[in-house]
Every structure is written in structure tokens, then in C-alpha cells.
Amino acid sequence: MTDLHWWGNYELDEQRQERRGLGIAMFQLSIHASDPKDSCLPLEPPLWLLSVPFGAVNETDTGLVNSEGAKIYEYTYVLLEPFKQDAGGTYWFDLSAISVDIKDPPMWRWQETARTINPAFPPNQCGAAQNQTPPGGWTSVIWAGEPPRHSEMAFEVTSSVAVPENDLGDAPDSSNTWGAAMTAYPPGGPAGTPALFPTVYQAGSPPYGPIHWQPKQTAWLGPAVTSEQEADIGVDQDTVNNIQPQVDAPDLDGADDGLILPLLLSHCVPATINYTVHVAAPTTAPLYINVWFDWWRDGEWDDIAPCGQSPAPEWAVQNQVLPAGTPAGAHVLTSPAFLPYNPLPESEPNPLWVRISLSEQRSSGGSSTIGAGGSGPQGGYLLGETEDYYIESYLPALDWGDAPDAATSPRYPTLSANIGARHGIVQGFMLGVSLLSDNVRVNCSGKMSAYLKDEDTYLEPRTTA
Ligand SMILES: [Ca+2]
Ligand SMILES: [Ca+2]
Ligand SMILES: [Ca+2]
Ligand SMILES: [Ca+2]
């Protein structure tokens, strides 16, 4: 932490004037651990202690008044040396105002934010504590009543430490810094299918969660990247970590913006996905795109599902190449075709975790180790970005004709706007030899382009007007 902020007020006298007396000489600031004997009280001696002259804390009128009508002031102190917090630690912030002259003291009070029966401070829902001498010793601040209420104090601890450039994924990972089990399905629990996705880079590795050291240097997925130090601890540009294992919360990373949704993933029907890569400067070496789907819904990306005699690997897109010399700008790319494995009928929800990763090194996909699918190299990737998605619905693919059509002057009715012929795909029933499901898109000029060729299955006469 680098800055401390707190709020306070002065008691008012009968003339509604602030009782400032001869003023505050200094604030004594300290940080404490929790008392192991009573975790709702601070432990002595403090971990950190500093006396700060009043002139150094910048008393600022917030324009707010408290319930007595007294002005509320904000005080800010920027630490000369940041105070380092340990992951998972609980800390108390303690504050005393020291008067210039005890014979005419200021009646300054630390502002409360609330008096509540349900204080927010985890893990034991503790409210504020006080240490009054005499007799000394910490006690909880409890306001009598039915039920009794606790004080919450107005303060803020902030960190202005620069966020490292790294990018990581946000799929749930039970081998994390916190040693807390995470749930893949349903995400966030209650406990169901354990999550074994490799997301955290340091803890529980190998398999290593993919980390990208310089995601903004050359190319990334979608329009944006948000950076973080690690997936589950440290500073994060989004202010929350990508995953919070201690509360079983995944999928908290910003800028999941590469995959173009919705996906069309009919069971055992060849499919493709479209995604956006933003290239900062023309590439001088190839980059690789890998995509994993948890077809088996077992919380990892290591399996190969069966589509009859054909394998449907969870590593569905394997080292698709973005060639050297790709110009700067946004590029919409289409993956090679792969087989989805979604055996449940469309009416039943059957969500799955998906990872897309762009990198300068080819992925080895994984190994025999459980949780290796979707992992990255020991030394991390230099370039690229990883995005993880919890996909709850994927539209069934329809087969569309691909004769030319236009929104304004329909000639061959192919697009849905012109009531084109379309067919739900029935397994084993098709025209021609192999049926690829079209992903038909219309660009601004009203022209249609199909991302996949299905010359042997077109449903309308192919002629030119
Ligand atoms: Ca992105
Ligand atoms: Ca995500
Ligand atoms: Ca993040
Ligand atoms: Ca799996």
C-alpha cells in the first residue's frame, strides 16, 4: 500500500463552531495484525507505526456533513516507503490524533461510515475496535441496543504501484496461491465439478498457467488487454484479480474481447470459430493461435471426445498460424474446422469453459499430466494474450444457401432477411459428401460472404446475374 486516506470531523460547540482548540499536532498511524486469540481485535505491538505532522496530511473539506451537521474532512498521507502486505493477510489500520496542547485539545473524531449489525470486515465480520487509556487494551466498539451494532470507520488504503504488463487467463484453477479448491461447474460453486484448468503461473506449477510478459508489444486478442501481475494475487489493472480462489470466483479478468460470440457448436458437426486479433505493428515472425474446449465438462482440457469414429479433441485449434508480415490493424480470423462435442439436446444447458491463446511459441497442447491442456511454457510467453470464457449457450448451426443475395435487391433468397432457404442440420442426412456449417455474415455493403466453402452442398442454383 502506498497511500492512506481517512475521514474525520470536529465536534461543534453551542454556536455551531468547530471545537478545534489549539489544534492537532500530529496523527499517529499504525498497522496491526489480528490478535490470534481474538481475530476481531488488533495485535500489539504494531507491524508499522508512524507519527505524521498535521501539515503533512492535507486536511480537505469534502463538502459533506455528518449526522450532527459537522463538516467531514478527508486526510491523505502518502507513504515514503510502501507497506508490503502478504497475500491472504488481515490488517488493522489504527489512528490517533495528538493535540498540540492537552489543556486546550481539539475535539476531533474519526468519522464512521456506518453503525451496523453486520460489519463487512472478513473473515469474522468484525467492526471497529478501540484502545482507551486508562485502562488500555483493545475492545470492540459495540453500540448497545437490540441488536447491538458495530462501528465501521471511514478510511481507504490504496496502492499506486505500477501494474506489471503481464497477461493471464481467468478460468478456475484449484492449484492456486490460496490452496483453495475452485469449481468448474457450476462456476463459483456450490461444489460440483472441480476446476483443474492451468491458470495460475507460479503456484501449483507445472502445469504452468500461460503468462504473457509483453501482451501489448505486438498483437493481442480483441481490441484490448488488461494486465496483471499474476492470476490470483498481486496488482491488477482491473483492481480485482482474474480469479479469487478464496471465494471460488473465476472469470474476473477484463477485456475478454477476442472470440466473436455466439459460437455455433452443433454436436459432432464440423464447426469453426471467428476471433479478432489486433496487430500493433506488422509482424516479423509467425504467431500461433490455440483453442481448448472442455467438451467432457470435467474441469480440464486434456480429453478427446468421440464423434463416432472421429476424435473430437478438447485441443480443438492447434497452432493455427498468423503469418509473419501480417499488417497492423484488426483482423478477423476463422479457425480451421473442428468437431464440437455437445451431446445434450439444445433445450438442456450444457455450458463449458473455453480458452483461446495467442503466442509467439507453438503450444505443445499439454502432456499426460492432468491439467496440462491449455498450459503455457515454464518461462512464459513473451507475446500475445490468453482469454478464458464460460460459454453458456452456443447457437445450433444451420445450413444456409450461399447464392449471392443482397439486402436491398434480392436476387437469390439466401439471407434470412430475404427468407432464404435454410435447414436444421440432421446427423446423417445431407446433400453432397461432407456438410460444413456455414457462418454467413453480411458486411456493410450488403454483400454476403461465407467463411467456409461448401461447394458440394449449395442449395440454390449457382448462376451469375
Ligand atoms: Ca483481449
Ligand atoms: Ca474471462
Ligand atoms: Ca485482470
Ligand atoms: Ca476436459
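# Report on an all-strand predicted chain

A hairpin of two residues connects strand β2 to strand β3. In this predicted model, local features need pLDDT of at least 70 and side-chain atom pairs count only at pLDDT 80 or more, whereas totals for chains, interfaces and linings use all residues. Residues are numbered from 1 along each chain as its sequence is written, and chains are lettered from A and ligands numbered from 1 in the order in which they are written.

## Overall composition

The chain contains zero helices and 31 strands. Helices (H or I, at least four residues) and strands (E, at least two) are DSSP runs, numbered from the N terminus. Of its 465 residues, 33% count as buried. A residue is buried if 20 or more other C-beta atoms lie within 10 Å of its own, exposed if 12 or fewer, and partly exposed in between, with C-beta atoms placed from the backbone. Among contacts between residues at least 6 apart in sequence, 71% join residues at least 24 apart. Here, two residues are in contact if their C-beta atoms, placed from the backbone, lie within 7 Å.

## Strand pairing

Strands of a sheet pair through backbone hydrogen bonds, either parallel or antiparallel. Two strands are taken as paired if DSSP finds at least two bridges between them.

Strand β2 (residues 24-35) pairs with several others. With strand β7 (residues 91-99), β2 runs antiparallel and is joined by nine bridges; within this pair, Leu29 stands opposite Leu95 of β7. Six bridges link β2 to strand β4 (residues 48-53), again in the antiparallel sense, and Phe27 faces Val52 of β4 there.

Another set of pairings involves strand β20 (residues 274-279). Strand β19 (residues 219-221) pairs with β20 in the antiparallel sense over three bridges, and Leu221 stands opposite Val277 of β20. Strand β25 (residues 329-334) is also antiparallel to β20, joined by six bridges; in β25, Val332 is the bridge partner of Thr276.

An open sheet of three strands has the order β9-β13-β12, with antiparallel pairing. Because β9 (112-116) and β12 (142-143) stand at the edges with a single partner strand each, one side of each is left without a neighbour in the sheet. Two bridges hold the antiparallel pair of β12 and strand β13 (residues 149-153), in which Ile142 is opposite His150 of β13.

## Nonpolar cores

A nonpolar core is a set of buried Ala, Val, Leu, Ile, Met, Phe, Trp, Tyr and Cys residues joined through C-beta atoms within 7 Å. The largest such core has 48 residues, and those with the most contacts inside it are Val291, Trp292, Trp353, Val354 and Leu358. At least two residues of this core come from each of β19, β20, β21 (287-293), β24 (315-322), β26 (352-359) and β27 (385-391). Apart from this core lies another, of eight residues, among them Trp6, Phe27, Tyr73 and Tyr75.

Leaving aside neighbours within four places in sequence, Val354 is in contact with Val291, Trp292, Phe293, Tyr389 and Ile391.

## Backbone features in loops

Asp248 has a phi near 55 degrees and lies in the loop between β19 and β20. Asp248 counts as partly exposed because 19 C-beta neighbours lie inside 10 Å. Arg297, likewise not a glycine, has a positive phi of about 55 degrees and belongs to the loop between β21 and β22 (304-307). Arg297 is partly exposed, with 19 other C-beta atoms within 10 Å.
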